[in-house]
Amino acid sequence: VFGRIVPYRTVSLGKTSLKWIPLFGQLYWLAGNVLIDRGNARKAKRAMLTTTDTLQHKDMSIWVFAEGTRSHGKGLGPFKKGAFQMAITAGVPIVPVCANNYTRGLNLNRWHAGTVRMRALPPIPTAGLTLDDLPTVMATCETAMRQLIDQLDREAGTVQAG
């Protein structure tokens, strides 16, 4: 769903098991996306450091799902620290991108599966911040994203129950 709005020179973080999906996994890796082994903290940290260096020195953007996994239509889940640590260490802004909760509104068995509303929030600057600022940056981002997702759900008529 998000693929249509990804800017030029952007790669994403994904779990290593993606490489085993026939054709997709190979294309994902060959396109320069970063595979993270979440079961091996040392390897994951090394991959994150390499990614931070890429952000600092190679005019590229990294697309990260801050929750680290899919929510399967259950709303925004708790954020993991890694993406925020990378942004603060690299001194690059965080640009939150949100979509309405679309899982119940899409019919993937149709050519026109439905409509997804998406919007980017203003960048959250990280230049000059330290890892001591991490909890504040995460909370700011999460609050802004929850509010926008709620608004997009109301606009799309996909408000989640309970």
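The model is a predicted one. Its chain contains four helices and five strands, which follow the order β-α-β-α-β-α-β-β-α from the N terminus.

**Chain as a whole**
- Of the 162 residues in the chain, 35% are classed as buried.

**Helix 3 and its surroundings**
- Helix 3 spans residues 82-90 and is mostly covered, with seven of its nine residues buried.
- These buried residues are G82, A83, F84, M86, A87, I88 and A90.
- Just after helix 3, G91 adopts a positive phi of about 70°.

**Packing of helix 3 against helix 4**
- Two packed helices are described by the angle between their axes and the distance between the axes.
- For helix 3 and helix 4 (residues 134-156), the axes come within 10 Å and cross at roughly 115°.
- The crossing of this pair is right-handed.
- On the helix 3 side, the contact involves F84, Q85 and I88; on the helix 4 side, L134, V137, M138 and C141 take part.
- By residue class, the contact of helix 3 with helix 4 comprises six nonpolar residues, one polar residue and no charged residue.
- F84 and I88 of helix 3 are both buried and both belong to the contact with helix 4.
- An α-helix has 3.6 residues a turn, so residues three or four places apart point the same way.

Key. Residues are numbered from 1 along each chain as its sequence is written. This is a predicted model: local features need pLDDT of at least 70, side-chain atom pairs count only at pLDDT 80 or more; totals for chains, interfaces and linings use all residues. Side-chain values use heavy atoms; hydrogens and water are left out. Axes are lines fitted to C-alpha atoms, for helices over the stretch in contact, and angles run from 0 to 180 degrees between N-to-C directions. Helices (H or I, at least four residues) and strands (E, at least two) are DSSP runs, numbered from the N terminus. A crossing is left-handed if the near helix is turned anticlockwise from the far one by less than a right angle, and right-handed if clockwise. Contact means heavy atoms within 4.5 Å. Ala, Val, Leu, Ile, Met, Phe, Trp, Tyr, Cys and Pro count as nonpolar, Asp, Glu, Lys and Arg as charged, and the others, Gly among them, as polar. Buried means under 20% relative accessible area, exposed over 50%, partly exposed in between (1.4 Å probe, protein chains only).
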